[in-house]
Each structure stands twice: as C-alpha cells, then as structure tokens.
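Subject: Structure for handover

Dear colleague,

Here is the structure I said I would pass on. My notes on it follow below.

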Number of protein chains: 4
Amino acid sequence: QLPLLFIAGPCVIESEELVLSTAERLAEIAARDNLSLVFKCSFDKANRTSVDSFRGPGLEAGLEILAKVKQVTGLDVTTDIHEPGQAAPAAEVCRILQIPAFLARQTDLLEAASKAALKHGGVVNIKKPQFVAPEDCIHAVKKCEAFGQEQLLLTERGTTFGYGRLVNDMRCIPIMQQMGPPVIFDATHSVQTPGGKSTGGQREMIPYLARAAVACGCDGIFAETHPDPSQALSDGPNMLPLEEFARFALDLQRFRTLVNENSAL
Amino acid sequence: QLPLLFIAGPCVIESEELVLSTAERLAEIAARDNLSLVFKCSFDKANRTSVDSFRGPGLEAGLEILAKVKQVTGLDVTTDIHEPGQAAPAAEVCRILQIPAFLARQTDLLEAASKAALKHGGVVNIKKPQFVAPEDCIHAVKKCEAFGQEQLLLTERGTTFGYGRLVNDMRCIPIMQQMGPPVIFDATHSVQTPGGKSTGGQREMIPYLARAAVACGCDGIFAETHPDPSQALSDGPNMLPLEEFARFALDLQRFRTLVNENSAL
Amino acid sequence: QLPLLFIAGPCVIESEELVLSTAERLAEIAARDNLSLVFKCSFDKANRTSVDSFRGPGLEAGLEILAKVKQVTGLDVTTDIHEPGQAAPAAEVCRILQIPAFLARQTDLLEAASKAALKHGGVVNIKKPQFVAPEDCIHAVKKCEAFGQEQLLLTERGTTFGYGRLVNDMRCIPIMQQMGPPVIFDATHSVQTPGGKSTGGQREMIPYLARAAVACGCDGIFAETHPDPSQALSDGPNMLPLEEFARFALDLQRFRTLVNENSAL
Amino acid sequence: QLPLLFIAGPCVIESEELVLSTAERLAEIAARDNLSLVFKCSFDKANRTSVDSFRGPGLEAGLEILAKVKQVTGLDVTTDIHEPGQAAPAAEVCRILQIPAFLARQTDLLEAASKAALKHGGVVNIKKPQFVAPEDCIHAVKKCEAFGQEQLLLTERGTTFGYGRLVNDMRCIPIMQQMGPPVIFDATHSVQTPGGKSTGGQREMIPYLARAAVACGCDGIFAETHPDPSQALSDGPNMLPLEEFARFALDLQRFRTLVNENSAL
C-alpha cells in the first residue's frame, strides 16, 4: 500500500529565489497533505531548441542551490545529468539522478550515474526515450544492474507519434513495472508538442493523463510546476501553475487510494 | 452524476443459444450490480481478414435473435451496420446503431443510420476511425446532425501506430466530449494487434486501459465478452472472458464514482 | 521491359465538359509521348469531410460520361466504387474497378468487384488502406483470388503517421509486388494532409515522391490532374495542374527506362 | 552537376586490419568508378543495446587507425563523436564530424563539433533524430551557424514509426535541402528494426530506399559496408556486403546522372 511518489519543481533553476520559494511551497503542501515528494530542478537544459534559449546556472552553482533546498526544506532533491562527469557531484546532493530520455541509450552515462548513485545509496531514474518501445527499456535496466545499481525508476514521458506530437501508450506502465523498477508518469513533458520555434504544450491535458496513469497503477507522478508558467524561461506551455499543484496532487492521491484498495487487475 | 454506460456482448452472433445465454448472464449482473448496460452483438463481420472467416447469420436472422434478447432480458441492444440499407431494419430492434470505424467517413451510411435511428428515438454510435484525429471527429458529428440526429455517441477504439499496433491517445476522451456527445471507450478492440494470419490481441491490457479511460472521464465502456474466448469465432484474443465481466465492471464503477465526486479537472 | 502505367484524371466528375476536355488532353499527351494511360474520374465522393461538399453526378450519369470518354478518346477508364451494387454497372464501362482504401477490408465489395470485373476481363485495383501494413495486403489479394479474380493492381497511397499526416513507406512497393500484382503509386493522395475544415495537400511534393516510387520499381503512377486545381470541387490542394502533366510523365518515363535497364536489385 | 557523395565503411573499428583492408577496397572502387567517397568508421559505439556489446577501440586508438586509413588510401575520413571533448582530436583527423541522431539536440556537442571542424576547414554532419520533423532540423543548423560553422551536412536515417520500426519520409530530402546544407541519405541505418535482444535489419531494402532517395535528389548516400556482415561486431543485419558495394554505387550513380540531367522539379 505504497503512497504515490511526486517528483515536482520548476523545469530549470531560473534563480535561487524562485527555486527556494517554490520548494518551500511544495514542502508545505507535502507536509500538510502527507505527500511523498522529491524536488526536481535542472541546472542545465542541454538540448534547448535554440542556442539563445536560457540554459540554467550550470553544474556547480546549480548543485549549491539544490543543496540549499535540501537543507532548508528537508525535501530530497533530483536533477538530470547530461555527461558522465556530472554524475559524481550530482549524486552528492541528489537522492535521484535523472537520465534524460534522449540520452538513455548512452552506456557511459548510465554507468556513471549508476556508480555515483550507488556510492550514496541513491536512485537512478531512466526516462524512456521517445523512440523506444516499453519492452526495450529492459536494456537500460540491465545496463544499470550490470554496474551494480538496482535502485531504479523508469519514467514514461511519451512516444514519438508522427511529427510534432507525442502519445502516451498507457500499456507502458504495467509493461515496464514487470521489469522490476517502479514506474513514474511524467505528466508535463507528455503534453509537449515538440517543433516549431519553441516546444509548445497542452497544459489542459495534464490532469487527464495523470489520472489515467494513476488508474493504470503507476508508482509516481512527475510534474514540473512554476509560480507563473507564462513567465517561465523553459517549458512554460506545459508546466502546471504552482497554485494548482495541491489540488492536482490531492486528486491523484484519491485515485491512488482506490488503486491500492483494488490492486488485482 | 451519470452512471457509466456498459456496451457488452460477444463479437458476433455465433448461435442463438450463445447469444441468449450470454445476454441473460449480463442482464443478471446488470440487475444485481446496478449497471446501465446495452447488449451488443454483430449479425455480420463484413471486414474479416480472410474470406474463410466466420461472418455471422446475416441481417434478418441476426435481428431476430437480437429482438429475442431484448424480449427475454429487457436489455437494450445494439449492432453495427455496414450498408445504408441495413439501417432501417436494424433501428427497429436496436436502441443504438453502431457505425464501424473504417466506415465512419461514408456519408450515406451516416445519413441512413441517422434517419433510421431518429424515427425510433434511437442513438447513433460513431467509432472514431483508426486514421482520424480526435479533433476531426467533428465532421462525422456534424454530418449526423445535418440529418437531424442529435443523439450520438463517439467511441475511441485506438489509432494506427506504426504497423500491426494501435495506441489509445487518452486525450481523445476530453477532446471528443467537447463536441457534445458522450464518449465511449472500446476496451477490447483497443488491444487488438492487427495483421498477420488473423488479428491478435493483448487481453491482459483490457483492465488497465479501461481504468485509464474511466479516470479520464469517459462516459461508457464498450467491451466484447464471451463465455470461452479461446473458442470464439471472431476476436477471441481480445475478448474478455464472461466470468470476469462482473468484477471488471464493478472495478470500473468504483473509478466512476470517484470521478463523479471529483468532476472538476 | 514494361512501360509505366499512368492512371490519371480529375478527382470527381464535376461536369461532362470538364471530364471530356481533360480526357482529350490526356489522350493527346499519351499518343504523342507513347504513354500507357487509363483515365480515372469518380462518379461519387462518398466520404467527403462535410455533408455540404460536392459529391458528383452519381452512378448512372457518371458512367454515361465515362462511356463517352472511352468512345471519344479511346482511352480505357477506371472509377472507384463504394457499394457492392455498383460493381456490375461500373464493370460494363470501366477496364479497372478501384476499391477505396477505407473500404479495402469489406469482403462484399471485393467479391462484387472481383466477379463483375472477371465477367468483362477487367481488373480490380485495391488501394492499400492507410491503417494496414504492406504485408497484410495479402488478405485482400487472396479474397479477390478466392472469387476468381486474378487480374489485380495494388496501390500505395500513404500510411497514417500521427495525426493529420500520411507517410509513404517506399518498402511497400517491393513488398506488395512479391504478392503478384503490379503496384501503382498514388502520387497525389499521398501528399494529402487529412483533417481540419477540409483535407489539405502538399502539391510541391508530388514529383519527388513519384520519382522515388518509380526508382523503387513501381509499375504505375496514379495522379489526379485538373485544368485548374484552385477551382476544383474536390482534392484541389493535392491535384497536379493539367498543364504540368506531360512534363511530369515524361520525367517519370526517363526514370522508368533507367529502372528497366538496371532491373536487378 | 555535382557527383553523388558516398560515405561508407564498416560500422565500428573491429580491428586495424579490417578497417585498412575495407578502406583499401573502397578506395580502389572509388578510383576506378570515379566515386566521391569518404571513409566512415566509429571508434566507439556509445549506445549499444547491451553492456556486453562490442564498443570499439576508443578515441585515441581509433583515431590512429583512421589517420592511417587517410595516409594509406588518400580517402577523407569521418567518424561520430559522443561528447564535446572528442571533437577537437577527431577534427584533426576527420574531414567530417558526425553528430549521432540521438545527440543532435545537445547544444554543447554541436558547439564543440562546429568549433573544432571550423579550425580545420572541416564539415559537421548532423543526423536527423528519429524523433524530429524535417522542418525542425533548422534548429540544429542554426546552432552550428551560431558557432561559426557553415559547412554542414544533414542526414536522413529514418523516423520513429510505432515500435520497432523506422520509416523514411522522402519529403525530408527537399525539405532539409531548403535549409542550405546538402542532404545525405543513410541507406543502412534506415533499414534497422530497433528493439529486441539486438537491433535487426532489412538488408534487402537498402537498394530500393537508396534509389528512391537519389531519385528524390539527395546529395549523398551513407552506407555501412563490411566484408562479412554476418560476422560483424555491430549492425551486421543492416550492413551492405562489401562485395556488393561497387554495383550498388554504380547503380546509384546512374540515377544521379539522370537527376542531374533533369534537375527542375
């Protein structure tokens, strides 16, 4: 009868102030509503559409801010890494190291993340690439296990569906759970509409897809949230407004309770 | 606070005996568990993979059997039609006329179904073609409305996803609901794997996808069911065993209750 | 060393005058440039997006006009049929009966077309549905053969690729050729962009895709053409302007000659 | 009237002997048949399916072997890089730096490759990711241009099409050419069937797709080739046997000549 895990926070570290205030608000909600919550924020957006897009403060400054989040709020934190050399420093701060979907076949990155997380008793969260069938995520799982890391999460964030659109095959959830790791549903990147001048999003679809994923039995929800998505420096069109987060999480917890009470499918 | 509508029955009229005994069992479950249930069975499978496949008893004999179901069980019945000339006789027996997905752009079929159903106060259930975006179902809706028929259902049954596989884009449900008609989720055809010697299926995925659809707010569930799918003359690999139907429906009703209590998304 | 077959004409019979003048122009080009050409035009567009769209003159009036085309120009003619009852009259006029892609799994239509064409020594041209893998076209082929019809064509016209877009998998051509029938590439429907208020098209892509298909070894090219596509009553955005047809065909014939000279792949 | 560029070689540097003997054979063919040919081989396969798969000799040893190829055969050479730090050493040896498809959105890799190639008057070859529309390759082009690199190639290697299958949208070729860079068609990775225990391939489709791409006007053909693909340590199922390479290239040159003679589409 596990609780639903929430992984939440702004897309990118825009400033220490934004990150700390958002984290404090999420920590309050988590405490009040009894949520299991890990704070997520990126120190670098390494694959932005344009070279002029905001990327973040970089590894060192970013990890300092995340360490402060941990210290101030007591929340565990997570971030995504893009090169093997980032794994060790990130694992000193982050309970969960996130492997970006585009990079989830890069053996060296999985190796570095696995070894670094293992040293700190941490977790590696592999995002299923948009170009990989759920059945084939087993290869990334086996790679991490070969490097000694058995604390894994798998995250569904949509599959390429024609051009400029993703689709969530909800069958991914039970299929990937059979590989062992808990499966997280990324509710906000799933509603991205990639392409064009900058990646768009269908924010209004977030609660529908999140409910569907929880009903399917997913173990956690990943949702990027921001106090004012219209002013966000990355992924604004698909982030959840922070003021809606509590209601969103509460709604999903009710579905989780029902799933827990009726587990056999 | 509408109840979930169930549309259920064997894929094809294999025999009067099979149809009556299945319908009686479904009627018992519906009465006991307070289900809103319409009995579905096809008199003709007009697009089987092979010319040697079983097709059913045909229009006249099939409608006689469906009329008997209605009389004996008190259930409303529905069937799918394939040519305009079948609409009028089918509407005399069936509360709902179902338009097959492949045929849902055929204007004459929509016209005949709309006019025939209108005469009897019946309903037209349009299956979203596997090759049509949810937004574009508005055209079929408008065609029926142009012919005077406003009692419509729209059914999601999967979208073409590469070769030999369908995917359910759960965003279909709220998108199609915005057009007016209630939206039904076809939980058993959605798990078909088309192609090869005969169409296969992933029966184990039915309850996952059905839960996801109900959580997304769909208005009804379509599920083909058979006392012994392994012996069924059509669609065996994707039908729900009849003995599992009550538990399946009860599970979904619990999710429906939760949705009704928390309607605002 | 077979020549490339061209199947060409306006999408729909807008008027006797338009059809005859277009057919006469195509016949002149065919005679001058030594093209093997069959004239195509539809008597009814049975699956238009909207109920207000122009559909054509209907079966009887349409076949009269096609008969006149045959008489005046000496060209063989073809049209698409939508119901089994249309097969016999159409086969009296048309050398080739075309099965629309959406309807290519309807056994009764394949049966009627096969039997009607057989009676007149004619041909059945099956369009590969947008939702069917090339390998699975074998079922439609076998259905026709079961009804005695062995003179078949298979036509590639694109596969569903996400929403609102088709893609041509050129592997279709050799795969379907291995089933026996010659394979035609439909260069104008392949560039349709289905969806929205009315189906759009990428006319500028027609010559690229047609060249690719001929280089892949296709046996014929289907291309709808109209003296003024901007004024056409159906499929304007994806038709080839009639004044470009001769140059288009000549270009493809050069590629065909090269293929014939280098047949082994 | 540019000649077709060929980029060819074994998938991975299995041994110095294999690489040198293959390169010598390709150089002989290029000299005899007047081919414009660049030799390609990978020093590291960084995203193999399994951690036990062969990866190659690594950066330093691999570049030494490629330098020897250049010296012995006079051919220009190319290889793919996976991390920014590999760009500078690779550019000292390689005329073309190849950006893997999965990594083509990683800004730092594009920056490093652009700057390193620029220093040596070299070229950056960006493979279109399997999850990106052709129109959206403009972003990678603009990133490289922002870093001063204007000598670019874009390579089409297939787009995600459901699970376990790629499809080549041949419209990619003219669409990407409009961005400025020449467009290469990767004929051997396009026939991969990703997934399962190891990535499979449809080798028999290589010449069909390559002909189609040349007919569409592509500027070059990328084809991995090996003296004995059945014994290859990577990508065996989709490589072209070396003994077939000359005939393959000659066939495509004939199509190129025809395209050059009939350029206007």
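Leaving aside its neighbours within four places in sequence, which residues is A:Glu224 in contact with? The contacts are A:Gly9, A:Cys11, A:Lys40, A:Thr188, A:His189, A:Asp235, A:Met239 and A:Leu240. Please keep in mind throughout that this is a predicted model.

**A:Glu224**

A:Glu224 belongs to strand E12 of chain A, which covers residues 220-226. With a relative accessibility of 0%, A:Glu224 counts as buried, because the cut-off for that term is under 20%. One of its contacts is also polar: the side chains of A:Glu224 and A:Lys40 make a polar contact at 2.8 Å.

**Chain A with chain D**

Chain A and chain D bury about 3100 Å² between them. Carbon and sulfur atoms account for 53% of that area. Each chain puts residues into the contact, 36 from chain A and 36 from chain D.

Polar contacts across the interface of chain A and chain D come to 16 residue pairs, with both residues at pLDDT 80 or more. The elements of chain A that give two or more residues to the side touching chain D are helix H4 (107-119), helix H5 (138-146) and strand E7 (159-160). Of these, H5(A) gives the most, with three residues. By residue type, the side of chain A that touches chain D divides into 14 nonpolar, 12 polar and 10 charged.

The number of salt bridges between chain A and chain D is two. One of them joins D:Arg55 to A:Asp108, and the closest N and O atoms there are 2.6 Å apart.

**Chain A with chain C**

What does the contact between chain A and chain C take from each chain? It takes four residues from chain A and four residues from chain C. Chain A and chain C bury about 450 Å² between them, and 77% of that is on carbon and sulfur atoms. In chain A, the residues that lose the most area to chain C are A:Phe161, A:Gly162 and A:Tyr163, which together make up 83% of what that side buries.

For chain A and chain C the count of salt bridges is zero. The side of chain A that touches chain C divides into two nonpolar residues, one polar and one charged.

Chain A can also be laid on chain C, with an RMSD of 0.0 Å, by a turn of 180 degrees and a shift of 0.0 Å along the axis. That is the relation of a two-fold axis. Here A:Gly162 is the residue of chain A that comes closest to the rotation axis, at 1.9 Å for the C-alpha. The same surface serves both copies, with 100% of the contact residues of chain A recurring in chain C.

**D:Val183**

In chain D, D:Val183 sits in strand E9, residues 183-186. Is D:Val183 buried or exposed? Its relative accessibility is 0%, so D:Val183 counts as buried. Not counting residues up to four places away in sequence, D:Val183 touches D:Leu154, D:Ile173, D:Met176, D:Gln177, D:Cys218, D:Asp219 and D:Gly220. Among them, D:Cys218 is 35 residues from D:Val183 in sequence, while the C-alpha atoms of the two are 5.5 Å apart in space.

B:Asp235 is not a glycine, yet has a positive phi of about 60 degrees. The residue lies in the loop of chain B between strand E12 (220-226) and strand E13 (240-241). B:Asp235 counts as buried because its relative accessibility is 13%.

In chain C, C:Asp235 likewise has a positive phi of about 60 degrees without being a glycine. Its place is the loop between strand E12 (220-226) and strand E13 (240-241) of chain C. At 14% relative accessibility, C:Asp235 counts as buried.

Regards

How values were computed. Residues are numbered from 1 along each chain as its sequence is written. Chains are lettered from A and ligands numbered from 1 in the order in which they are written. This is a predicted model: local features need pLDDT of at least 70, side-chain atom pairs count only at pLDDT 80 or more; totals for chains, interfaces and linings use all residues. Side-chain values use heavy atoms; hydrogens and water are left out. Contact means heavy atoms within 4.5 Å. Buried area is the accessible area (1.4 Å probe) that two parts lose on being put together, summed over both. A salt bridge is a side-chain nitrogen of Lys or Arg within 4 Å of a carboxyl oxygen of Asp or Glu. A polar contact is a pair of N or O atoms within 3.5 Å; within protein, one must be able to donate a hydrogen and the other to accept it, and residues adjacent in sequence count only if both atoms are side-chain atoms. Helices (H or I, at least four residues) and strands (E, at least two) are DSSP runs, numbered from the N terminus. Ala, Val, Leu, Ile, Met, Phe, Trp, Tyr, Cys and Pro count as nonpolar, Asp, Glu, Lys and Arg as charged, and the others, Gly among them, as polar. Copies are superposed by least squares on the C-alpha atoms of residues with pLDDT of at least 70 in both. Buried means under 20% relative accessible area, exposed over 50%, partly exposed in between (1.4 Å probe, protein chains only).
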